[in-house]
Amino acid sequence: HGRICMAATIGVFFPDLFGRFSGYLSPSAGLKFSDVPSTIDAIYKVPVEGWLQIFALAGALEAKNQAFPMDYGYPAFTGQINKLEEPERSKKLLAEINNGR
């Protein structure tokens, strides 16, 4: 929950401090990025299709984690399964357990 809160905080302050993307968030609806507020009201401005895309991406990432739970490789989706040598693998597994994941 802490990471979600940190991402939400960045999402509130970043557009006001550094500006917004130029162009359209939803060209078919005529909705520009500048039309979306940086408050909780943004939930109601983003079209349902946009939320479905966000949840589909999150679901794909979660499915990847379920299919390859021991994949600590980067970048994601490259199939670096079980490529870690034993001392490093044990250290990272212990770190995951200690961090409650």
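Trainee: Where does S26 lie, and in which strand?

Mentor: This is a predicted model, and in it S26 belongs to strand 1, which covers residues 24-26.

Trainee: Is S26 buried or exposed?

Mentor: S26 counts as buried, because its relative accessibility is 10% and the cut-off for buried is under 20%.

Trainee: Which residues is S26 in contact with, leaving aside its neighbours within four places in sequence?

Mentor: With those neighbours set aside, S26 is in contact with L31 and P47.

Trainee: Switching to salt bridges, how many does a search of the whole structure find?

Mentor: The search finds 2 salt bridges; one of them joins the side chains of R20 and D16, at 3.5 Å from N to O, and in another the side chains of E88 and K92 meet, with an N to O distance of 3.5 Å.

Trainee: What about R20 and D16, how exposed is each?

Mentor: R20 is partly exposed, with a relative accessible area of 34%, whereas D16 counts as exposed at 52%.

Trainee: And where do E88 and K92 lie?

Mentor: Both E88 and K92 lie in helix 4, 4 residues apart, which is about one turn of the helix; E88 counts as partly exposed at 39% relative accessibility, and K92 is partly exposed as well, with a relative accessible area of 31%.

Trainee: How many residues has helix 4, and what does it reach from first C-alpha to last?

Mentor: Helix 4, residues 86-98, has 13 residues and reaches 18 Å between those C-alphas, close to the 18 Å expected at 1.5 Å a residue.

Trainee: Which residue just after helix 4 takes a positive phi?

Mentor: That is G100, whose phi is about 75°.

Methods. Residues numbered from 1 in each chain as written. Predicted model: local features only at pLDDT ≥ 70, side-chain atom pairs only at ≥ 80, totals over all residues. Heavy atoms only, no water. Helix = DSSP H or I, 4+ residues; strand = E, 2+ residues; numbered from the N terminus. Buried < 20%, exposed > 50% of the residue type's maximum accessible area, 1.4 Å probe, protein only. Contact = heavy atoms within 4.5 Å. Expected span 1.5 Å × (residues − 1). Salt bridge = Lys/Arg side-chain N within 4 Å of Asp/Glu carboxyl O.
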